[in-house]
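These are my notebook entries on a structure that I looked through piece by piece. I wrote down each term with its cut-offs where I first needed it.

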Amino acid sequence: MFSLSRCPICGKNELFFYDRYDANCCLGCNVWLDKNCGDPECPYCSNRPDTPLEALFLEMPKQDAHIRKRWRRDNYFHKESGKLRKEKRLRFLQNQDYK
């Protein structure tokens with residue numbers, strides 16, 4: 001759940017309150033803003049991962065290999081150099097068809 005306050009570290013990201021761990025965090029900085037209580041019996045702090053993104057990763061459902069591969073193909077745009085090579089190759093192939 002996002003709150004209206006801003007991160008005190010970066011100042012630009014909204015804080016995220018993680019109900020499961022009863023703690024505020026900044027996903028942009030990838031830090032917990034609330035310290036652990038130190039109690040090994042605490043249901044919140046004792047199971048909290050080192051970083052908020054690790055906590056989000058642990059909550060992702062397990063997927064089959066073909067679903068992960070499809071997601072990587074669909075999100076190919078994040079690899080800028082790969083995207084540029086692909087566009088260059090497509091332009092080359094299109095020019096070969098006209099000759």
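I looked up Asn30 and found it in the loop between E3 and strand E4 (31-32), where strands (E, at least two residues) and helices (H or I, at least four) are DSSP runs numbered from the N terminus. Asn30 has a positive phi of about 60 degrees although it is not a glycine. With a relative accessibility of 24%, Asn30 counts as partly exposed, since buried means under 20% relative accessible area, exposed means over 50%, and partly exposed lies in between (1.4 Å probe, protein chains only).

I noted that this is a predicted model, in which local features need pLDDT of at least 70 and side-chain atom pairs count only at pLDDT 80 or more, while totals for chains, interfaces and linings use all residues. I also noted that residues are numbered from 1 along each chain as its sequence is written, and that side-chain values use heavy atoms, with hydrogens and water left out.

Next I turned to Asp22, which is in the loop between E2 and E3. Asp22 also is not a glycine, yet its phi is positive, at about 50 degrees. Its relative accessible area of 43% makes Asp22 partly exposed.

Which residues make up the largest nonpolar core? I listed seven: Phe16, Tyr18, Tyr21, Ala23, Cys25, Trp32 and Ala55. Such a core is a set of buried Ala, Val, Leu, Ile, Met, Phe, Trp, Tyr and Cys residues joined through side-chain atoms within 4.5 Å. Strand E2 (14-18) and strand E3 (23-26) each supply at least two residues of this core. In soluble globular proteins, nonpolar side chains tend to be buried together.

I then searched the whole structure for aromatic pairs and found four. Rings of Phe, Tyr and Trp (its six-membered ring) pair if their centres lie within 6.5 Å, and planes under 30 degrees apart count as stacked, over 60 as edge-to-face and the rest as tilted. Phe16 and Tyr18 form an edge-to-face pair, 5.6 Å centre to centre with 85 degrees between the planes. The rings of Tyr18 and Tyr21 have centres 5.1 Å apart and planes at 55 degrees, so this pair is tilted. Both Tyr18 and Tyr21 are buried, and together with Phe16 and Trp32 they form one aromatic cluster.

Finally, I checked what Tyr21 touches, with contact meaning heavy atoms within 4.5 Å. Leaving out residues up to four places away in sequence, Tyr21 touches Trp32, Tyr44, Asn47, Arg48, Pro49 and Ala55.
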